[in-house]
Amino acid sequence: MPRLFIPPLLRPFCEGKDEVFVEGGTVLEAVHSLERQYPGVIDRLCPEGKLRAGMSVTVDQNVTPRALAQKVSPESEIHFLPAIGGG
Amino acid sequence: MATIDKTKTTEESGETPKYKVIGTRPIRHDGADKVTGRALYGADIKVKGMIYGSILRSPHAHAIIKSIDTSKARALPGVRAVATSEDLPEPGDKVAELGEGSVVLNHLSSNNLARTKVLYRGHCVAAVAADNIHIAQEAASLIEVEYELLPPVLDVLEAMSESAPVLNPDVRMEEAATGEKSDQPTNIAKHLLYEKGDIEKGFAEAKYIVEREFNTSTVHQGYIEPHVATALWNNDGQITIWTPTQGTFSVRQQVAELLDVPSARVKVVPAEIGGGFGGKISVYLAPVAATLSRMSGAPVQIVMDRTDVLQATGPTPGSHIKIKMGVDADGHITAAEAWMAYEAGAYPGSPIAAGCMCVFSCYEVPNGRVEGYDVCVNKPRTNAYRAPGATNAAFATESVVDELCEKLGMTPMEFRLLNAAKEGTRRVDGVTYPRVGLVETLEAIKESDHYKTPLKGKYQGRGIGSGFWFNAGLKSAVTASVNSDGSVSLLEGSTDIGGSRTAIAMQFAEAIGLTAEDIKPYVVDTDSVGYTDVTGGSRVTYATGWAAYEAAQDLKRQIIARAAELWDVDPDLVTYEDGHVIGPDKKACFKKIAVELGTTGEPLVGRGVSNHNEPGGAFGTHLVDVEVDPDTGKVDILRYTAAQDCGTAIHPAYVEGQIQGGAVQGIGWGLNEEFWYDKEGHMQNANFLDYRIPTCYDLPMIDAIIVEVPNPGHPYGVRGVGEVPIVPPPAALAAAIYDAVGVRMETLPMSPPRVLHELLKKES
C-alpha cells in the first residue's frame, strides 16, 4: 500500500502518526483513503478536492506535474510540500 | 581550467565517444550578434510611433496614500497619458498559478501600481507617457501625492514582534501544511515545520553540540541589463509586449491576469536578455506600459535606471537563522535543528520553503527539526535568485559544520564524506534522494591539485563548503522545421540566458544525427511556439532539451514512414540510425532524404513537448583559499575551485560558465554585497559604485571541475547546472577566514569593517 507522509502540523489530526498506509491508485484516491481513516483531514490537505495554492505533491522522490491525478503504486511514497521556485 | 571532460577523456583513451555532439564545444548560434553589438536587447526595441514612459516612485518606505493629483502632469504639453492604480482592474483575491509558484494578484497588481499604501521606497505610485522621456520625467515630478507616513519595519525579527507596524492588512499567518490562518493581521505570512526522527534523543546521543545564530543581508541579482518593457495595446484589443524576460509565457499570463484580458490577446516577444538569475520573472513594467498604451493609443516604452532596479525590483531576502547540530564521538550527525526567518519584502513570498528544505540537504540527518517563517518588511518584494533560499541556509549550516569538525579533530573533508547525503538519504522534509553526486564532488575536490597544494603564507586560510539545489522540470515545447536544403530551424520558447539555444540545438542534433551547426535555433514569441515555462529552476537544458529530443524522435518517425512510401517497402523494414534512413536495399543521409521528401510530399515538421519531473537534484562543493589583511579586514581570494555534479555536460564551456558565474555571485554575496538602509528605510547604496559586485579585478580564475553523474531521469543524463554554484561560496569563505585569522563570521557580508570588528574583538 502507498505510504502518505503526514506533515508535522497535520499529525494531531492523525493520532500523531508521521506516515499512514493508504489505499488508491492516484494521489487523490490516497487522500480519500486517509480521510476515511481520519475524517476532516482532507479539508486541510486539499480542500474541495484540489491542491491548495502554493502546495505541491511529491511522489517517489519527484514533484509531480499531475498533482492529485498522479498515479501511485503500492510501493509509492506521497508527500505534500510547499511549492518552490528556482531562479 | 581544471575540467574533467568525459568526452575528451574517452577520445584520448581511444574509446569510442558515447556522443558525437554532446560534450563538444561548438560556437554559440547567437555569438556573432552578441559580440558585434547587433543583438537586440530590451532598450534596443523601437516601434513606429513609440512614446516614452516614466514612473513616479514613493519617497517613503511605509505610508498610506491619501490622494494623488495628476492634473498638473496631464496639463504639461507632450504628455499623452497618466496612470495610477485606478486604471488597473481590481484583481480581488484571486491567486494565479505561474508555473513556478503562485502569486496573489492583488499583491502583484499593487506592486506594479500601489493602491492604498506604499510599502517600500521606490514603490511605483503613478506613471506617465509622453512624447519623449524628458517630458515624461518632468510630468511625473508634477504629480502631487499626499501621504500619511507610517513607521517602517526593516528587520525580520522586529517585523515578527506583535508591536511591529503591519504592512498588509489582508495578510494572516498561514500554516503551510494545513492552510489554517491566524485571526489577526500580521507580517508573518507563512509558517513551516518539518520534523524527522526524535530530536531530543538525537541531541542526547551527541558528544558535541554547536548552536549558533546567523544573519544575512538583502542582496540583489545584479543583472547588468535593467528592466525594460515596450507595449502596444492595439485598436483591435490585441496587446503586444516586447521585453527581456525569463519567461514570455509567464509575462503573458501575468499581463493577462492583471489587465483582465484573455491570454490569447497578449503576445510577448522576447528581447535578448542581459541577465536575470530569477529577477526577471515577475512583471514590473509591462502591465503599466500596456495601460499607458491603451490610454494614449501609442506604443509605450519604459526603461528602469540602476537606482530603480535596486530600489524597486525583487532582491533575495535577508534572513535570521539559528542552527543547532550534534555529533557523536565518531563524527556522525545525531541531530540537527534550524529556525529560519526570511524577509519577504513588501508582500508575502520569500523562498523560505526552499531554504527549509535545503538547510540540511547535504547531510544524512537521522533526527531533525526545521521551522521557517515568511515575513513582510518594508523592502522591495523579494524574488528568486539562483537557488532561492539555499545560500542563506548553507552559510549557516556549513559554518556550524566547520565548528563541529574543529571540535571533533576531523578535517571538513572527512566529516562531509562520513555524513554526505546520497541515494536513499531521507531529508528532514521527508523526501528521499534519487541517484545524486555529492560524494563525487567531494572526491573531485579531494583529488584536485588545489586541495593537495598546501597554503604558505601568514593570514592565509582554506575553507570548504557544499550546497544543493533541487532543479526543476516543468513544461516546454519545441518545433523543428526541416528546410528544403536539409537544414533545420528549431523554434523554442525558452529565453536564452546562458547559451541554452545551443545546448538545446545540440541535443536535437545528437538525436537526429546532424551537427550543431546544421541546426538554427530561434527563441520565438508566445504566438509562435507551444507553452513553455520560465527559464529558471535550472530547467531549460533538461526540459527544453528533452522537448527537442522528442521533436527529433517525431521527425525520425515521419522520415521512416515517408521513406518507406517513397521506396515502396514495408515501414517495419526501414530504420533511422546515426543520421541515416536505412531500407532493405537503400540508404540516405538526413540531408539527402530531406531534399527528396521536400519535393514529394508535405513538409517535415517535428513536434516535441515535455513535462517530466525527474530533474535530478544537484550538489556542488567549493574550495577556497583566502588571505585576510589584519589591519583592514579585507579578504582577498587566492585560489578557488568549484566541483559540481552536472549530470551529462551538454556543452562543457557553458557548464563551466555557469559554475564560474554562480561562484562569483556567491562570493559577492559572501564578501561585499548588501542593501544599506537608513532608519527611514531609504536605500543608501542604490548604484553599482556603492553596491559592490565583484569584478574580474577582484578574483582569480575560478577553476571548474565538471563531475558527471548522469541523471537517470533524462535521455542524455542532463541535470540542471545554473543554481547550485551560488550556494557554497559564503560558507566556504567563512571557513577560510576562520582558518586564516581565527574569527567566526556569523553575518553576511563578511566585508572589511565586519571582519576587522571581529579581529579587534578577538584581540581585546
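Author: B:Tyr342 is found in strand E17 of chain B, which covers residues 333–345. Helices (H or I, at least four residues) and strands (E, at least two) are DSSP runs, numbered from the N terminus. This is a predicted model, in which local features need pLDDT of at least 70 and side-chain atom pairs count only at pLDDT 80 or more, while totals for chains, interfaces and linings use all residues. Residues are numbered from 1 along each chain as its sequence is written, and chains are lettered from A and ligands numbered from 1 in the order in which they are written.

B:Tyr342 is buried because 32 other C-beta atoms lie within 10 Å. A residue counts as buried if 20 or more other C-beta atoms lie within 10 Å of its own, exposed if 12 or fewer, and partly exposed in between, with C-beta atoms placed from the backbone. Leaving aside residues up to four places away in sequence, B:Tyr342 touches B:Pro317, B:Ser319, B:Ser350, B:Pro351, B:Ile352, B:Gly355, B:Asp374, B:Val375 and B:Gly389. Two residues are in contact if their C-beta atoms, placed from the backbone, lie within 7 Å. From C-alpha to C-alpha, B:Tyr342 and B:Ala32 are 42 Å apart in space, and they are 310 residues apart in sequence.

Chain B itself is divided into domain 1 (42–150 + 225–311), domain 2 (436–469 + 616–764) and domain 3 (473–610); these bounds come from an automatic or database domain assignment. The C-alpha centres of domain 1 and domain 2 of chain B lie 36 Å apart. Between these two domains of chain B, 8 residues of domain 1 are in contact with 8 residues of domain 2. The side of domain 1 of chain B that touches domain 2 has 3 nonpolar, 3 polar and 2 charged residues. Here Ala, Val, Leu, Ile, Met, Phe, Trp, Tyr, Cys and Pro count as nonpolar, Asp, Glu, Lys and Arg as charged, and the others, Gly among them, as polar.

Chain B also meets chain A, in a contact that takes 41 residues from chain B and 24 residues from chain A. On the side of chain A that touches chain B, strand E4 (62–63) and strand E5 (77–82) of chain A are the elements that give two or more residues. E5(A) gives the most, with 3 residues. That side of chain A divides into 13 nonpolar, 9 polar and 2 charged residues.

Chain A comes to 2 helices and 5 strands, and 40% of its 87 residues count as buried.
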